[in-house]
Amino acid sequence: MPRAGLSSSSVVAAAAELADEAGWERLTLAALAARLRVRLSSLYKHIDSLDEPRRRPPAAVTNLERTPR
């Protein structure tokens, strides 16, 4: 069962934060799991692979694009 408060959007957002801090080339699933305080295997309930956060923008970015100016 997925952990309460953890979703694919929150995993992608955390990946983006880590990438901002260390760069996409240094982003690993182990570092992402540590950031979220979950086991590495738990991430697979929310994302298919490390490629998913790399190709999918965080919800915050998507919401900004939809906000009228």
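Biologist: What share of the contacts in the chain with a separation of 6 or more comes from residues 24 or more positions apart?
Modeller: They account for 49% of those contacts. Contact means heavy atoms within 4.5 Å.

Biologist: What sort of model is this?
Modeller: The model is predicted: local features need pLDDT of at least 70, side-chain atom pairs count only at pLDDT 80 or more, and totals for chains, interfaces and linings use all residues. Residues are numbered from 1 along each chain as its sequence is written, and side-chain values use heavy atoms, with hydrogens and water left out.

Biologist: OK. How many helices and strands are there?
Modeller: Five helices and zero strands. From the N terminus on, the order is α-α-α-α-α. Helices (H or I, at least four residues) and strands (E, at least two) are DSSP runs, numbered from the N terminus.

Biologist: How much of the chain is buried?
Modeller: Of its 69 residues, 33% count as buried. Buried means under 20% relative accessible area, exposed over 50%, and partly exposed in between, with a 1.4 Å probe and protein chains only.

Biologist: Now the helices. How do α1 and α2 pack?
Modeller: Helix α1 covers residues 8-22 and helix α2 covers residues 29-36. They pack at an angle of about 110 degrees, with axes 10 Å apart. So α1 is roughly perpendicular to α2. Angles under 35 degrees count as roughly parallel, over 145 as roughly antiparallel, 65 to 115 as roughly perpendicular and the rest as oblique. Axes are lines fitted to C-alpha atoms, for helices over the stretch in contact, and angles run from 0 to 180 degrees between N-to-C directions.

Biologist: Which residues make that contact?
Modeller: From α1, Val11, Ala14, Ala15, Glu17, Leu18 and Glu21. From α2, Ala31, Leu32, Arg35 and Leu36.

Biologist: How many of them are nonpolar, polar or charged?
Modeller: Seven are nonpolar, none is polar and three are charged. Ala, Val, Leu, Ile, Met, Phe, Trp, Tyr, Cys and Pro count as nonpolar, Asp, Glu, Lys and Arg as charged, and the others, Gly among them, as polar.

Biologist: Where does Arg37 sit?
Modeller: Arg37 is in the loop between α2 and α3. It counts as exposed because its relative accessibility is 74%. Arg37 has a positive phi of about 60 degrees, although it is not a glycine.

Biologist: And Leu40, what does it touch?
Modeller: Leu40 contacts Leu29, Ala30 and Ala33, leaving aside neighbours within four places in sequence. Leu40 lies in helix α3, residues 40-43. The C-alpha atoms of Leu40 and Leu29 are 6.6 Å apart, though the two are eleven residues apart in sequence. Leu40 is partly exposed, at 40% relative accessible area.

Biologist: Last one, Glu52. Buried or exposed?
Modeller: Glu52 has a relative accessible area of 11%, so it is buried. Glu52 is in helix α4, residues 51-55.

Biologist: Which residues does Glu52 touch?
Modeller: His46 and Ile47, not counting residues up to four places away in sequence. A polar atom of the Glu52 side chain also lies 2.9 Å from the backbone nitrogen of Asp48.

Notes: Polar contact = N/O pair within 3.5 Å; in protein donor to acceptor, adjacent residues only side chain to side chain.
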